[in-house]
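This report covers a loop residue, strand pairing, nonpolar cores and aromatic rings, in that order.

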Amino acid sequence: MLRTVIHARGLSRTFRKKRGKQTTEVVAVAGVDLDVEAGEIVGFLGPNGAGKTTTMRMLTTLLAPTAGTATVAGCDLLTDPVGVRRRIGYVSQAGSTAPENRAGEELVSHARLYGVSTAEATARGKQLFAELDLDGLWERQPKAMSGGQRRRLDIAMGLVHVPGLVFLDEPTTGLDPQARANLWQHIEGLRSERGTTVFLTTHYLDEADALCDRVLVIDKGTIVASGTPDELKSSVGGDLLTLTSPRAADVAGRMAGLPGAEAPTVDGDRVSCRVPAGGAALVALLRDLDAAGIEVDGVESRRPSLDDVFLTVTGRSLRDGEQTTTEPEGAQA
Ligand SMILES: Nc1ncnc2c1ncn2[C@@H]1O[C@H](COP(=O)(O)OP(=O)(O)OP(=O)(O)O)[C@@H](O)[C@H]1O
Ligand SMILES: [Mg+2]
């Protein structure tokens with residue numbers, strides 16, 4: 001039976017900033033409803049400044065909502081924040097390890113805060129170090145680690161007390177491709193071996209596609225799309241056909257006649273449009289162009305990607321997006 005581990009309604013946060021006599025308001029999160037079931041891996045996507053971190057900080061009790069309610073890991077966010085904290089793990093976007101402490105000691109003392117015995121914390125910590133490829137760094141200070149190593153230590157900190165629900169804010173930003181793939185495997189393992197529920201943000205859409213059962217897209221503080229990656233991709237409306245030809249305008253004219261085709265766009269010698277079934281449409285189109293004697297240099301039919309979804313619902317492409325960090329954060333929950 002499904003069990004809801006995050007249930008939020010109307011979650012909102014407005015920041016007020018005073019500059020002289022003027023007060024400006026930033027609506028960071030504007031009434032978010034979300035439900036996450038036990039054992040799900042849910043991806044929270046959105047452009048920079050969309051409200052992902054603010055939502056996570058509210059759900060992890062680090063920031064008070066200005067409106068709304070939520071139950072997290074069975075505890076009421078507003079009346080039992082201590083209960084929420086005890087049951088979750090949180091890896092903040094900015095990280096939270098003290099630069100001077102020895103990595104292993106800090107990991108163990110963090111787990112001790114959750115009532116885990118020193119022996120158990122040490123065993124679990126060493127196992128995490130091995131699995132996250134941090135072997136040999138137990139005695140190292142975070143300030144003497146590489147960025148990617150520190151990031152993996154942050155992740156170990158969020159997992160060492162074996163929480164049933166984990167919040168990961170951009171866990172793989174700054175990791176090399178191998179470390180990313182390794183972390184995906186680790187997260188999937190947590191779910192399959194322990195039934196851990198994972199709520200994560202990422203700017204890598206391939207990551208969301210590969211890892212997440214469900215994806216929520218937030219833009220300007222509001223959820224603008226949600227569903228499985230496949231559901232979202234099929235909502236974009238068809239495959240993208242692209243042909244390159246010296247006679248682009250003629251190709252566009254023929255393309256427009258394909259059944260169910262959207263209006264073609266022409267960019268230099270490239271012509272593109274969305275059609276319901278790309279493969280079949282392409283065969284028909286090439287025959288038609290051939291019969292008309294219109295030369296074609298290149299063809300491509302591409303299934304919609306999560307990037308297309310992202311572009312459709314937010315008007316922005318993450319491929320072109322610069323990644324920036326909004327601000328440093330408070331301590332780990
Ligand atoms: N403490 C704060 N004071 C004022 N404004 C804030 C504060 N924290 C966040 N904001 C603003 O709230 C909005 C949402 O920020 P948030 O950090 O939640 O975005 P995000 O989706 O996590 O973005 P990113 O992808 O860059 O991490 C932004 O406009 C940000 O500038
Ligand atoms: Mg953020």
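## Loop residue Thr196

Helices (H or I, at least four residues) and strands (E, at least two) are DSSP runs, numbered from the N terminus. Thr196 lies in the loop that joins α6 (177-194) to β8 (197-201). Thr196 is buried, with a relative accessible area of 3%; buried means under 20% relative accessible area, exposed over 50%, and partly exposed in between (1.4 Å probe, protein chains only).

The side chain of Thr196 reaches the backbone oxygen of Leu190 at 3.2 Å. Beyond its neighbours within four places in sequence, Thr196 has contacts (heavy atoms within 4.5 Å) that include Gly39, Glu40, Pro163 and Arg191.

## Basis of the values

This is a predicted model: local features need pLDDT of at least 70 and side-chain atom pairs pLDDT 80 or more, while totals for chains, interfaces and linings use all residues. Residues are numbered from 1 along each chain as its sequence is written, chains are lettered from A and ligands numbered from 1 in the order in which they are written, and side-chain values use heavy atoms, leaving out hydrogens and water.

## Strand β13

Five of the six residues of β13 (residues 270-275) are buried, so this strand is largely enclosed by the rest of the structure. Two strands pair if DSSP finds at least two bridges between them. β13 pairs in the antiparallel sense with β11 (residues 239-244) over six bridges, where Arg274 is the bridge partner of Leu240.

β12 (residues 265-267) also pairs with β13 in the antiparallel sense, over three bridges, and Asp267 has Arg270 as its bridge partner. β12 and β13 form a hairpin with two residues between them, and Gly268 in the turn has a positive phi of about 65°.

## Nonpolar cores

A nonpolar core is a set of buried Ala, Val, Leu, Ile, Met, Phe, Trp, Tyr and Cys residues joined through side-chain atoms within 4.5 Å. The largest has 44 residues, and Phe129, Ile187, Leu200 and Val215 have the most contacts inside it. Apart from it lies another core of 29 residues, including Leu11 and Cys75.

## Aromatic rings

Three aromatic pairs are found in the whole structure. Rings of Phe, Tyr and Trp (its six-membered ring) pair if their centres lie within 6.5 Å; planes under 30 degrees apart count as stacked, over 60 as edge-to-face and the rest as tilted. Phe44 and Phe199 form a tilted pair, 5.2 Å centre to centre with 35° between the planes. Phe44 is in β3 (residues 41-45) and Phe199 in β8, 155 residues apart.

Technical notes
A polar contact is a pair of N or O atoms within 3.5 Å; within protein, one must be able to donate a hydrogen and the other to accept it, and residues adjacent in sequence count only if both atoms are side-chain atoms.
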